[in-house]
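Student: Hi! Could you walk me through this one? I'd like to ask things as they come up.

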Amino acid sequence: MVHLKCGYWKRDSLNKPRTGRMAHAQPYFKAIWDQIGIVWEDTLGRIGMILLFFFILLALFGPFIAPYGAYEKCWTPDGKLERMQSPSWRHPMGTTYYGRDVLSQVILGTRQVVIVGFVSALMVVVVGTNIGLVCGYYKGNVDNLLMRLTDIVYGIPFLPFAIVLISIIGKGVSSIIIAIVLILWRSTSRVIRSQVLSLRERPFVLAVKVSGASDFRVIYKHIAPNILPMAFLYASFAIAWAVAAEASISFLGLGDPNTISWGQILFYAFLTQGVTSPYWWIIPPGVCIMLLVMSAFFIGRAYEKVANPQLRER
Amino acid sequence: MRKFLITRILYMVLTLFVFITLCFFLFRMLPGDPTALVISPSLMPESQEVLRAQFGLDKPLHIQYYLYFKNLMKRDMGISFIYRAPVTKIIKGKILNTLILMGLGMTLCMIIGVLGGTVMAWRRGSKLDSGSIIFSLAFRSTPIFWSGMLILLLFGYKLDWFPVGRMHTPGYGAFNIWDQYFNIDFLKHLILPLSTLTLYYLAGPLLVMRNSMLEVLHADFVELAIAKGLHPLKVMYHHAARNALLPVITLTSLMVSYSVGGQVLLETIFSWPGMGKEIVDAVNSNDYPMAQGAFLFLGATVISMNFLADVLYCYLDPRIKYGEE
Amino acid sequence: MSNHIVLEMRNVKKYFPVRMGLLKSLVGAQAQYIKAVDGISFTIQEGKVMGLAGESGCGKTSTAMLTLRMIPPTEGEIYYRGKRISDYEGSRLQEFRRSAQMVFQDPYESLNPRYTVFDTVAEPLLIHKFRDRHEREARVTRALEQAELRPPQRFFEVFPHELSGGQRQRVAVARALVLEPRFLVADEPVSMLDISIRAGILNLLKRLTVDMGLAGLYISHDLSLIRHICDTTAIMYLGKIVEIGPTESIIISPRHPYSCALLAAVPVPDPEYTRNRLEVKGEIPSSLDIPEGCRFHPRCPFAQRICRENEPSLMEVTSDQQVACYFPRE
Amino acid sequence: MSSEFLRIEDLVIQYKTREGFIRAVDDISFSMEEGENLGLVGESGCGKTTAAKAVMKILPANGEIACGRILFRGRDIVPMGPKEMRHLRWRKIAMIPQSAMNSLDPVHRVGDQIVEAIKAHRTISTKQAKMRVQELFDIVGLDTNRINDYPHQFSGGMKQRVIIAMALALDPSLIIADELTTALDVLVQDRILMQLNELQHKLNMAMIVITHDISVVAETCSRVAIMYAGKILEYGDLTKVFKNPCNPYTLGLLSAFPSIVGKKRELISISGFPPNLLHPPMGCRFWERCPFSTERCAQESPPMVKVAQDHFTACLEIHRIEEMRSLATRPETWRTRLKPLKG
């Protein structure tokens, strides 16, 4: 488009009064703020952000809201186990085969999912971005080696790997996170690398090199802020991925047996009732997984427009 | 082109090699006695001795590694504790079950994704477009085991339109491969898992095709094609879609890798007798030779599919075929 | 005007090895080199601008990178104010970076989109450890002032996308000036700008070189722009300087057939003027495979036997104009 | 029905953006004769490419012809349907797009892309079409052995020639050449311009040359239109416009442009930048940057007036033209008028 190439329609902002300056974090600060703004502008992105916020609150305050404990057995006043009760005032989402309150389980299960989602997404993006930055910036042998490694990791099927790994190193939240991080960094690093490859050739990078900037400075102060949109995009995908992965692993009975999670609720349902499970037992946790994953996807889709301006509606 | 292929083949072999090595070390990280890997505690002491010698478990690590490779070349992956039969034999009986379900699912995804994505990009911003985005993303967000459960619950259990899980009606004995896969009974069992699989993975190719199509539609060569006075359909398919297809091909290899994971869950839910269900069962019953065999096999599938996608990409993109200068 | 030489190149060469596949190197194939710069010598004096002209791929940009020591030369020596910088490394190189700066071709690409004008211009100061915030601000203000961005304070918090092309290029000039360098390279600084504002940037660069006593290297394929700003001009072809001398004499009486062809090909904004074209054959060969003898002979309309066999070196035709040709034009 | 070859009347083209409508081309009119070369000169964003695209009706999806007529051999193409347009494109009007480098489809052979253009309009066999492609390659000076190569195997100048060959394929009566030589080296640029000029005279094609480079226009065109911020400011016979400019902007452009011949003179630079077309100024588009503008210029949009046979200009202060001409070559003239930015 002709008129997008030149910036002179935007010069009005020159006339805005300017206040004091922000410190050195400014490039990052501005980048991050821009990203959030753009996601908020997108309808689906906004829905995603609201949903995500809701689940974070649930994870934080779950224990204060949940009426029963996760593994607490509920008894009727006359001392009978409340097995497979359909929804009622006492148990809005019914009870399980073991007489546990589904609502409480769903609320309390949020925490592990959110922790796994965020921690592993953060680790994935930090690892993947740094590998991508180093590969793309230095090229040559380092790049070759790390990219071959990426290719190899691309050859490893995630879930089978996670199953085998967990069966070897033992069940637990950390095992799940390790399994996710060991595999998922590959796509982030590959995408970031290709972005860096083109960024490093941009004159503004050359300009600071001419001024004598060190490699570290060039990478982290000049290139990195420009790949943030991409890193954010992959972070949101990584959240979606990690949540789904956690659910799958827990569903296969490989989660931490002492910590409730949505996948685990479904695991017990499938274990005891198979496909004849009652709806109140399997619908709520499934819907929660779906909504959380979807919120991350929606945010990611809104980000994609930052990373790829062609997709932006004009 | 030839140079590209040779390097790709070398890479594939390298990747396979590293993967197999990784597998060796992974399974030797097992807590406790490494013999647990190949020797079932329920075996007779004499046969335990035989196996110990065969796998050289009394020898140093590098010799074990050599033996591991040698046995692998001879297609000997040990004996399953549960089945009490060679792992290779069990895998052989289940390979096709997995590959057929997965292959059909991926093919369907690709075809629907590419055609649908093109239409969505064409009608960008329409109800059809945004509806398809939300629909496909919703399915992509639904865990495949959960949607599988719901589908089974609804169409199998409640409505009783389709059988509830498995690949054949119990008691069905197939005489040959033809008989196993080309009959109504199999088809009936296939429909539910196949649609679950397709719906789950559809979002990938669909959205990538749509986005890449939108990008290509702004390309200068598309503008020139319009200026040439070509029919819109020709512009759309001969120029735009043909170029937009390339990123989708790249996606295929990723999708195969993901879908192997999905296969594990799907086969568990639908009691589909394939490798995915096998690896879960094996892990749950500490049948390590079986788990290792299944893991090796699934990894090899992913690696070879990645290779095939690379070759296809090379075939479709002349810039690689005829060497970028 | 003083006569101090700021930069001197002595027979500098830069060969880039061609990346070979693993297979080829195993077979032991001869390593190939791109001879980007193949033995050039020139000097630039204080307050003077030298123009470097030639087609794309002739080694102009590599030469610029060599003078800035962004890449080390394969052979030859580079002197900056008498000091041999061609083998500088580490802290001494870092020290040299303070005194040599560059302005780039594309003002839309040469500013980091995530940096404000202030941050962009102050970055070289931070790199060179100017810790005092007030000093930084003073220097940035002065640099913007020198680049004619007035009043400077109003541009501090502005992002590049809010500026016009000309303003961006001025920011790039300010960034180059903020360390008070002695040597400035400009790589096609106006070719992406609108015609109506080109002269503004050119005049600015010219004035700064004279006022601040800078030595300038101006790279362009557009001889009419070179004519406007440069004191001396060198014409490059395939990694070599084929002609060098005062700009006006090269423009008015080029001696090398290549220079003649190049000058004759420049369109003239006068409808009544008819040019005398000088046809040269074919396209510029690859710098992997430089012709024997005079490297221009396959395309030269006047080539003789000697041109195919021997390579001419730069010879004086007048007191200050040198040309590498056995049969210079009159 | 007029017998004119191409006539554009009161053409307005706008782009819909999030901030509002941008009038990229605002009420322009010009005409050209059969076999004539018209130069459309202006700086980036002045609407010259948009105007040219409108002639082929290949505006981007958010652009539309808001009003005006485009008469090609007497027929208005604005209301034409897609089918009619397809019939017209390439067969009658061909184009050499701005980024010829990226205009070839990377996944198809160059020869096939030309064949495709031929076969879209003529019912001939592929073999015959291929023969034609060989002929065309010969004409533009490309190796005929390379018709089965892919675009990435060609250099920039060669790709440009492929596009020219493609443009010539159906002997169109009008070629729109957008920044034909901008990305090319001088020697290649010169050769391509020369070839195109020769061919054009031989085949009697008309050409719209879109460029920011007034020297290219001076050498290839017989008439010229100077555009600024969506408007034509001066228009007419090339020699008259160049030798006798009647608009301050033209004067500025000519004085800003360096020349390789003649005496070395100082170049001027017009301070300021073009107006924001989201909110174009009420009066003359150039008034903010014009050293000769008055209060009236800020209020009234100047009409196009005839100053001589085939020479029109849009300037309210045209009576001061002699003064302008004498001052325009001095750099100080253009520096003084720095309007305060509105707060």
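Student: Where is the place of A:Lys139 in chain A?

Tutor: This is a predicted model, so keep that in mind throughout. A:Lys139 sits in the loop between helix H4 (102–138) and H5 of chain A. Its phi is positive, about 50°, although A:Lys139 is not a glycine.

Student: And is A:Lys139 buried, exposed or partly exposed?

Tutor: A:Lys139 counts as partly exposed, because it has 14 C-beta neighbours inside 10 Å.

Student: Which residue of chain D has a positive phi although it is not a glycine?

Tutor: D:Glu179 does, with a phi of about 45°. You'll find D:Glu179 in the loop between strand E7 (174–178) and helix H6 (186–203) of chain D.

Student: Buried or exposed, that D:Glu179?

Tutor: D:Glu179 is buried, because 20 other C-beta atoms lie within 10 Å. The cut-off for being buried is 20 or more.

Student: OK, backbone again. Which peptide bond in chain C is cis?

Tutor: That is the bond from C:Arg150 to C:Pro151, where omega is near -10°. C:Pro151 belongs to the loop between helix H5 (133–146) and helix H6 (165–177) of chain C.

Student: Staying in chain C, what is the order of the strands in the open sheet of eight?

Tutor: The order is E6-E7-E8-E3-E9-E10-E12-E11, and the pairing is mixed. Strand E6 (100–103) and strand E11 (315–316) of chain C are at the edges with a single partner strand each, so one side of each has no neighbour in the sheet.

Student: In which sense do E10 and E12 of chain C pair?

Tutor: Strand E10 (residues 240–246) and strand E12 (residues 322–323) of chain C pair in the antiparallel sense, over two bridges. Within that pairing, C:Ile244 stands opposite C:Gln322 in E12(C).

Student: Now chain D. What order do the strands of its four-stranded open sheet have?

Tutor: That sheet runs E2-E1-E4-E5, with antiparallel pairing. The edge strands are E2 (20–32) and E5 (75–76) of chain D; each has a single partner strand, so one side of each is left without a neighbour in the sheet.

Student: How many bridges join E1 and E2 of chain D?

Tutor: There are 10 bridges between strand E1 (residues 6–17) of chain D and E2(D), and the two run antiparallel. E1(D) and E2(D) form a hairpin, with two residues between them. If you want to find pairs on screen, D:Arg7 has D:Ser31 as its bridge partner, and D:Val12 stands opposite D:Asp26.

Student: Nice. Changing topic: how many helices and strands does chain B have?

Tutor: Chain B has 13 helices and zero strands. Of its 325 residues, 43% count as buried. Among contacts in chain B with a separation of 6 or more, 70% come from residues 24 or more positions apart.

Student: What span should helix H4 of chain B have?

Tutor: Helix H4 (residues 87–122) of chain B has 36 residues, so at 1.5 Å a residue it should span 52 Å; the end C-alpha atoms are 51 Å apart, which agrees. H4(B) also bends by about 35° at B:Lys94.

Student: And where does H7(A) bend?

Tutor: H7(A) bends at A:Leu184, by about 35°. Helix H7 (residues 173–199) of chain A has 27 residues and reaches 37 Å from first C-alpha to last, close to the 39 Å expected.

Student: What touches A:Ala238?

Tutor: Leaving out residues up to four places away in sequence, A:Ala238 touches A:Ser120, A:Ala121, A:Val124, A:Val125 and A:Leu184. In the largest nonpolar core, which has 387 residues, A:Ala238, A:Val243, D:Ala165 and D:Ile226 touch the most other members. Helix H9 (residues 215–251) of chain A gives the most to this core, with 23 residues.

Student: Last topic, interfaces. How many residues of chain B are in contact with chain D?

Tutor: 19 residues of chain B are in contact with 23 residues of chain D. On the chain B side, H9(B) gives the most, with six residues. By class, that side has eight nonpolar, four polar and seven charged residues.

Terms used
Residues are numbered from 1 along each chain as its sequence is written. Chains are lettered from A and ligands numbered from 1 in the order in which they are written. This is a predicted model: local features need pLDDT of at least 70, side-chain atom pairs count only at pLDDT 80 or more; totals for chains, interfaces and linings use all residues. Two residues are in contact if their C-beta atoms, placed from the backbone, lie within 7 Å. Ala, Val, Leu, Ile, Met, Phe, Trp, Tyr, Cys and Pro count as nonpolar, Asp, Glu, Lys and Arg as charged, and the others, Gly among them, as polar. Two strands pair if DSSP finds at least two bridges between them. A nonpolar core is a set of buried Ala, Val, Leu, Ile, Met, Phe, Trp, Tyr and Cys residues joined through C-beta atoms within 7 Å. A residue is buried if 20 or more other C-beta atoms lie within 10 Å of its own, exposed if 12 or fewer, and partly exposed in between; C-beta atoms are placed from the backbone. The expected span of a helix is 1.5 Å times one less than its number of residues. The bend at a residue is the angle between axes fitted to the seven residues ending there and the seven starting there.
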